[in-house]
Amino acid sequence: MAARATPSGHPRSAEASLDDRSRRVLAAIVRDYIHGGEPVGSHAIARRPDVDVSSATVRSVMSDLEEMGFLQKPHTSAGRIPTAQGFRYYVDALLRVKPPLPEEREQIARRAQEATQLDGLMTAASRVLHSLTRHAGVIASPRPQSERLQRIEFLPLREGRALAVLVAQSGAVHNRLIALQQPLSAARLRTELERDRRELGELQARALALGAEAVQVEAPTVHIEGQSSFLDDKALAQDLMKIRALFRALDEKELLLAVLDRTLAAEELRIFIGAESGIVEPDLAIVAAPYRLKGEVVGALGVIGPTRMDYSRVVPLVELTARTVGLTLDAKEEA
C-alpha cells in the first residue's frame, strides 16, 4: 500500500523505522520539551504512564534515538532534546491534534465577522492567530492572478495614460496606472461600443490585454502580527545574533511569500521544520494552510514560532482560521 501523505508533505513510510517503544519514548520527550523547554531526562519519561518502562530502558532507547539523529544532548546534562529530524518524525507519525475549544472557535469567528474590508480581515486573521497561539501570525492577501475579477473600469487620463480600477470578488480594489499606445477617450470608447461586433471584439481584446497588464503589477501583501513573541522562547532570547537574523529575515516578505506559495501549490496544510522553510533560523517552524474563495485556493496563512511549538494546538487553530477566512470571503462576495 502506498505511503499516506502527511500535512508536511512527507510520506508516512518513516513510521516503520522505529518500534512502538521507541515511538512512545520519542513522543514523550517531544511533548515534555514542548511544554518545559528544558532537556528531558530518563527518570521523567519513565514515570509517564504512556511509556511504562524502567529508567534504564528509557536511557537505552534515548541513546539509540540520539544515534539515529532524532535526539541530541545540548550540553553535559544527561537530558536530551529533539532535533529537527525528531520534530519531523513527531509531526509526521506521532502527532495527535486537539480540537479548538468553543471559546477559541467563537473568537476566530467573531474577529472575522467584525472585519468590514479585506485589509481588516487580513489583519484580524494574523492577530487572532497570534492571540491564540502566542506565536507570530502571518497571512498573505489573495493573489490577484488567483482572484476572479468582478469588474474592470478604465478612466482615461492625460498624456496617453489610463487608470484601471479592478474590483475582485473578494472585495479588494486595485488601482493601476497604465500607459496606452494610443489615447483612449471616454467619448471614443462610447462610440466604438456602438459599432459593429467586429470592432467591438477588437476593443474587448484591447481591454482584456490592459486588464491583464493591470492585474499582474501588484504582488500580494503580507500581514504579520506578534514578532515580539520570539523573545518569549528561552533559546532564542538568549542568542541576540539569532534574534537579529530572524527579524531581518521576517522583514524580507519575499521569503515568507515563498513559504506560503509552497502551501498554495500543495493546497493543504504544511508544516515546515527548521531549514525546510528557507528562513535563516534553524530553530524555527512554520505551520501554514491555504484559504479559498468559492472553492479556489487564493491565499495562505499560518503561524511562525520555535520548533518546540505545541503542534497539537497550533495545527487545528491554523486550519480553522483558514476555513473561516475563506467562508468570510465567500459571504462578502454574496452580500
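Is aspartate 50 buried, partly exposed or exposed, and what is its relative accessibility? At 31% relative accessibility, aspartate 50 counts as partly exposed, where buried means under 20% relative accessible area, exposed over 50% and partly exposed in between (1.4 Å probe, protein chains only). The views below come from a predicted model, in which local features need pLDDT of at least 70, side-chain atom pairs count only at pLDDT 80 or more, and totals for chains, interfaces and linings use all residues. Residues are numbered from 1 along each chain as its sequence is written, and side-chain values use heavy atoms, with hydrogens and water left out.

**View 1. Salt bridges join Arg31, Asp32, Arg48 and Asp50 into one network.** A salt bridge here is a side-chain nitrogen of Lys or Arg within 4 Å of a carboxyl oxygen of Asp or Glu, and the structure holds eleven of them. Aspartate 50 pairs with arginine 31, their closest N and O atoms being 2.9 Å apart. Because aspartate 50 lies in the loop between α2 (42–46) and α3 (55–67) and arginine 31 in helix α1, the pair ties together parts that are 19 residues apart in sequence. Helices (H or I, at least four residues) and strands (E, at least two) are DSSP runs, numbered from the N terminus. Arginine 48 forms a salt bridge with aspartate 32, with 2.5 Å between the closest N and O atoms. Arginine 48 also bridges to aspartate 50, at 3.2 Å between the closest N and O atoms. Arginine 31 is partly exposed at 26% relative accessibility, and aspartate 32 is partly exposed at 24%.

**View 2. The largest nonpolar core has 54 residues.** Such a core is a set of buried Ala, Val, Leu, Ile, Met, Phe, Trp, Tyr and Cys residues joined through side-chain atoms within 4.5 Å. Those with the most contacts inside this core are Val25, Leu26, Val287, Tyr291, Tyr311 and Val318. Helix α1 (residues 20–36) gives the most to this core, with eight residues. Leaving aside neighbours within four places in sequence, the contacts of tyrosine 311 (heavy atoms within 4.5 Å) include Ile34, Phe87, Tyr90, Ile271 and Pro316.

**View 3. Methionine 309 sits in the loop between β10 (296–306) and α12 (311–334).** Methionine 309 is buried, with a relative accessible area of 1%. Not counting residues up to four places away in sequence, methionine 309 touches Ile34, His135, Ala285, Val287, Val303, Ile304 and Val314. Its C-alpha atom is separated by 9.5 Å from that of isoleucine 286, 23 residues apart along the chain.

**View 4. Helix α10 (residues 240–251) has a buried side and exposed residues on the other.** The twelve residues of α10 should span 16 Å at 1.5 Å a residue, and the end C-alpha atoms are 17 Å apart, which agrees; the expected span is 1.5 Å times one less than the number of residues. Ile243, Leu246, Ala249 and Leu250 are buried. They cover an arc of only 130° around the axis, so they lie on the same side of α10; the arc is that of the directions from the helix axis to the C-beta atoms. On the other side, Leu240, Met241, Arg248 and Asp251 are exposed.

**View 5. Arginine 134 has a positive phi, near 65°, in a residue other than glycine.** Most residues other than glycine have a negative phi. Arginine 134 is found in the loop between α6 (118–133) and β3 (136–140), and is partly exposed at 48% relative accessibility.
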